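Me: I would like to learn how to read the features of a protein structure. Please show the structure, then take the features one at a time.

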Amino acid sequence: MIAVTPPMGWNSWNTFGKDIDEKLVFEIADAMVEKGYREAGYEYLVIDDCWSLKERDKDGNLVPDPVKFPHGMKAVADYVHRAGLKFGMYSCAGILTCAGYPSSYDHEFQDARLFAEWEVDYLKYDYCNFPQNADGINRYHIMSMALKASGREICFAACNWGHHDSWNWMRSIGAHMYRSTGDIFDNFRSFMGIFQSQLEHLCQSGPYCFNDMDMLTVGMYNQGNVAIGKPCTDGEYRIQFSLWCLSGVPLMIGADIRNLNPEMEKLLLNRELIRIDQDPECRPPYLVGKRSVMVPEEDRENAVEPLRAVKDQLYTFIKHLSGNEFVIVYYNLFEEERDVSCIFADAGVPYSSGYGFSMRDVFTGEELGVKRDYHIVSVPGHDCKMYLCRLVNCGK
Ligand code: GAL
C-alpha cells in the first residue's frame, strides 16, 4: 500500500531545474542513504521536468535525453532501487510540459506503460499547456486509470495547482497526493501564503490522498531554481518545516542534500518532527484562541503580506496525535522577539479539569515538566517553538 501516511522524498526541481542527469541522480541516491534520509523515511527520489528529448520516437514513445541519461531510465531506476529507494518521474496533463517537453495528453496509457516498464514508482503530473476545451478533472482521472492499468503500484502525485478546487475531487479519482497551490519560491512570504491558503482545506487531506503544499525549500538559502525574494533565515526554515509537519503533508526535499548546512540537515532529519508529520491519525492543526483560519476569507485577496489582515502576528496551534499525544506550536511572525502563549482552556483543557500538559521541546529535546492553566514562552522574531505534550492529572 502506498501513501498511507504523507509521501516523503526528494525532488530535483527546486534546486536543479533543467540541469538534471544520471550522475546527479546517483549522487543524490547515495546521499539519501549515507546521510540518513532513507533511514528517516525519505523514500522517493523524483526527477522533475526536462528529462526527455523534445520529440517522441516513431512509435510515439517518450525518449530520455541520451546526453543526460545515457543508460536510459531503467538503469536509473535500477540504481535508485539498489539504494533501497523508490524512483519518481514527471509528466504533464497538457500538450507540452511547463518547460516545453512532450507531455502525456492523449498518450496517457502509452506513457503509463512505459513508466511501468522502467519500474517507476511515482509520477508527478503537471498542468501546463492544457487544451482550453479539455476537461481538467477527467484528464487526471484518465492518467490515474492508465497508471492502474499498467499493473504497477505507482504513487500518483497530481499537480494541478489547486484548479477546480482539487481538494474536493482528487481523492475520488485515485490521486495519492495533489498540489493545491502554485509554485513555492524560496522566501518567507511564499511559503506562508501557501500554508494560509490551505489551512482550511487540510481536513480533507488524509490517508491515501494528501494535500501537497509543494516541495520544501528548507536549506536552499536562495541557491537554485526557485530563488526569488529575500533569502530565508534559519528561523524561517524552522517555521516552514514545522508548518509542513504540523499540516501532515508530503515532505519532498528540494535542497541539494549533498552539501547541506548541518543545522538544516538536522532539521530535515528531526525524528520527532517527522513523526508528527507521519502521525497515522492525520489530523489537521487547530488554531488555539482564534476562530478557524489565519486570514479571514473576505480579507484573503488583499492579504499581500503574510497575515497582513490579522493584527496580532502570534499564533498558537495544537495538533492531536495518536496515542493521546499532542503538539503545541508557537509562531512569532513579528520581526522582533515576543512572548507567545497558550491558554490551555482554549485548547480544551480548562484549569477546573485538574489536568495539565507535560511538555518536551521538539527542537532541543528539553523536558519542561508539567504546565497547568497556561504556558508562555519567548520566541525570536520569525521563528517558532514546538512541544510534544501529554495530559497529566495534577490533582485538584
Ligand atoms: C510547474 C510545477 C513545478 C515544476 C515545474 C516544471 O508547473 O508546479 O513544481 O514541476 O512546473 O516545469
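Reply: Start with the polar contact, which is a pair of N or O atoms within 3.5 Å. Within protein, one of the two atoms must be able to donate a hydrogen and the other to accept it. Keep in mind that this is a predicted model. Here the side chain of R56 reaches the backbone oxygen of S103 at 2.8 Å.

Me: Is R56 buried or exposed?

Reply: A residue counts as buried under 20% relative accessible area. R56 has 18%, so it is buried.

Me: Where is L216, and is it buried or exposed?

Reply: L216 is in the loop between β7 and α8 (234-247). Its relative accessible area is 1%, so L216 is buried. L216 also shows how sequence and space can be read side by side. L216 and F185 are 31 residues apart in sequence, and their C-alpha atoms are 9.2 Å apart in space.

Me: How many salt bridges does the structure hold, and what is the idea behind them?

Reply: Side chains of opposite charge can pair when their charged atoms come close. The structure holds 22 salt bridges. One of them is between K74 and D78, with N and O 2.8 Å apart. These two residues are four apart in helix α4 (residues 72-82), so about one helical turn separates K74 from D78. K74 is partly exposed at 31% relative accessible area, and D78 is partly exposed at 23%.

Me: How do the pairs D19 with K18 and R258 with D256 read?

Reply: D19 and K18 form a salt bridge whose closest N and O atoms are 3.6 Å apart. D19 is exposed, at 52% relative accessible area, and K18 is exposed with a value of 52%. In the salt bridge of R258 with D256, the closest N and O atoms are 2.9 Å apart. R258 is partly exposed at 26%, whereas D256 is buried at 16%. Salt bridges can also share partners: E272, R275, E325, R360 and E367 are joined into one network in that way.

Me: Which residues form a nonpolar patch on the surface?

Reply: M1, V4 and Y208 form one, and together they have about 330 Å² of accessible area. Y208 lies in the loop between α7 (188-198) and β7 (210-212). With 38% relative accessibility, Y208 is partly exposed.

Me: Last, the backbone angles. Which residues have a positive phi although they are not glycines?

Reply: D165 is one of them, with a phi of about 50°. D165 is placed in the loop between β5 (155-159) and β6 (177-179), and at 39% relative accessibility D165 is partly exposed. D373 is another, with a phi of about 80°. D373 is in the loop between β14 (367-371) and β15 (374-379), and D373 is partly exposed at 30%.

Terms used
Residues are numbered from 1 along each chain as its sequence is written. This is a predicted model: local features need pLDDT of at least 70, side-chain atom pairs count only at pLDDT 80 or more; totals for chains, interfaces and linings use all residues. Side-chain values use heavy atoms; hydrogens and water are left out. Patches are made of residues with over 30% relative accessible area and no salt bridge: like charges are joined within 9 Å, nonpolar side chains (Val, Leu, Ile, Met, Phe, Trp, Tyr) within 5 Å. Accessible areas come from the Shrake-Rupley method with a 1.4 Å probe; for residues, only the protein chains shown count as cover. A salt bridge is a side-chain nitrogen of Lys or Arg within 4 Å of a carboxyl oxygen of Asp or Glu. Buried means under 20% relative accessible area, exposed over 50%, partly exposed in between (1.4 Å probe, protein chains only).
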